[in-house]
Amino acid sequence: MIKTKRTVVVMGGLKGGTSSIAGALSILGVHMGDDLSGNGEYEDRAFMDQPVDNMREAIAKRNQEHVVWGWKFYKTCFFIKHIIDDLVNPCFIMVVRDPYAAALSMSKRLHLPAMVSYVRAMDQLSENFEFMMRVGVKLSCFPISYEYLIRFPEETIERMVSNLGLEVEPEALKAAIEFVQPGQYQRGKRRGKEASIANTKNTITTEN
C-alpha cells in the first residue's frame with residue numbers, strides 16, 4: 001500500500017499522445033475517472049469544460065476515496081492554475097509529441113485545415129512548456145516524449161512508475177507496456193474501475 005497521497009495530472013496537446021499514458025496509468029491502478037469519454041481517449045468528464053467549483057468538488061471527492069488518482073484532459077493547461085492548490089502532492093506528466101505529427105492527426109480526425117492544426121498544436125505545446133517551466137522548480141513535473149515512448153515503451157513506463165512511486169504488480173506493468181504500443185490504446189475498452197489489472201494497492205476504498 002502506498003502511504004503518500006498523490007494526484008497525477010497528465011497534460012499535453014490534442015492528439016499529442018496523452019491517451020496512451022492515461023490508459024497505461026489506469027491499467028497500473030491509478031484511478032483516472034469514474035466517467036471517461038469516447039473510445040480510448042481516457043478523458044475524465046469531471047474535468048472537461050467544467051466550472052471551477054465543479055472540478056473542486058470532484059477533486060475533494062477523489063482525495064477522500066483514493067491514495068493515488070489523476071485525470072487527463074488536453075485543455076488542462078488553461079485552467080490548472082485555478083485548482084492547483086486543491087491538489088494533494090500533485091505530479092504533472094507532460095506528454096510531448098512532435099507538433100507536426102500531432103497536427104497531421106488533428107487535421108485527419110477533426111477535418112481541420114493543415115495550417116490551422118499546426119498552429120493549434122504549436123500553441124498547446126508552448127502553453128504546456130510554459131506551465132512546466134513555471135511550476136517545475138517547486139512541484140514534481142516531468143516530460144515524456146511520445147516518440148520515445150513508442151520506441152522504448154518498457155523503459156519509459158518503468159521510469160514513470162519509478163517517478164510516481166507506484167507499487168504495481170508485474171502483470172499490470174506488463175499490460176501497461178503492451179498497451180502503449182501503436183494502435184493498441186485506440187482500441188482499448190477499459191473504463192474507470194474496469195481498467196485496473198487486479199491492482200488495488202493505490203485505492204483506499206472500493207468503488208461503488
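View 1. Helix H3 (99-110) and H4 each put at least two residues into the nonpolar patch. This is a predicted model, so to speak of local features we need pLDDT of at least 70, side-chain atom pairs count only at pLDDT 80 or more, and totals for chains, interfaces and linings use all residues. Residue numbers start from 1 along each chain as its sequence is written, and side-chain values use heavy atoms, with hydrogens and water left out. Helices here are DSSP runs (H or I, at least four residues), as are strands (E, at least two), numbered from the N terminus. H4 is the biggest giver, with four residues. Areas come from the Shrake-Rupley method with a 1.4 Å probe, and for residues only the protein chains shown count as cover.

View 2. Val 119 has its place in helix H4, and its 41% relative accessibility makes it partly exposed. The scale runs like this: buried is under 20% relative accessible area, exposed is over 50%, and partly exposed lies in between (1.4 Å probe, protein chains only). Asp 123 belongs to helix H4 too, and at 48% relative accessibility Asp 123 is also partly exposed. Look across to Pro 99: Asp 123 and Pro 99 are 24 residues apart in sequence, with 9.5 Å between their C-alpha atoms. As background, an α-helix has 3.6 residues a turn, so residues three or four places apart point the same way.

**View 3. Ser 117 is tucked away in H4.** Ser 117 is part of helix H4 (residues 114-135), and with a relative accessible area of 0% it is buried. Setting aside neighbours within four places in sequence, Ser 117 has contacts (heavy atoms within 4.5 Å) with Ala 103, Met 106, Ser 107 and Leu 112. The Ser 117 side chain reaches the backbone nitrogen of Ser 107 at 3.4 Å. Tyr 100 is 17 residues away along the chain from Ser 117, and their C-alpha atoms are 8.7 Å apart.

View 4. Ser 107 lies in helix H3 and counts as buried at 18% relative accessibility. The Ser 107 side chain reaches the backbone oxygen of Leu 112 at 2.6 Å. Not counting residues up to four places away in sequence, Ser 107 touches Leu 112, Pro 113, Ala 114 and Ser 117.

View 5. Asn 128 lies in helix H4 and is buried, at a relative accessible area of 3%. Beyond its neighbours within four places in sequence, Asn 128 is in contact with Met 11, Gly 12, Gly 13, Cys 77 and Met 94. Cys 77 is itself buried, with a relative accessible area of 8%. Searching the whole structure turns up zero disulfides (a pair of cysteine sulfur atoms within 2.5 Å). Cys 91 is in no disulfide, and its nearest cysteine sulfur, from Cys 141, is 7.4 Å away. Cys 91 is buried as well, at 0% relative accessibility.

**View 6. Helix H1 is mostly covered.** In H1 (residues 18-27), 10 of its 10 residues are buried. Among them are Thr 18, Ile 21, Leu 25 and Ile 27. Just after H1, Gly 29 takes a positive phi of about 105 degrees.

**View 7. Stepping back to the whole chain.** The protein chain has seven helices and four strands, in the order β-α-α-β-β-α-α-β-α-α-α along the sequence. Of its 208 residues, 50% count as buried. The accessible surface comes to about 10200 Å², and 53% of that belongs to carbon and sulfur atoms.

Notes
A polar contact is a pair of N or O atoms within 3.5 Å; within protein, one must be able to donate a hydrogen and the other to accept it, and residues adjacent in sequence count only if both atoms are side-chain atoms.
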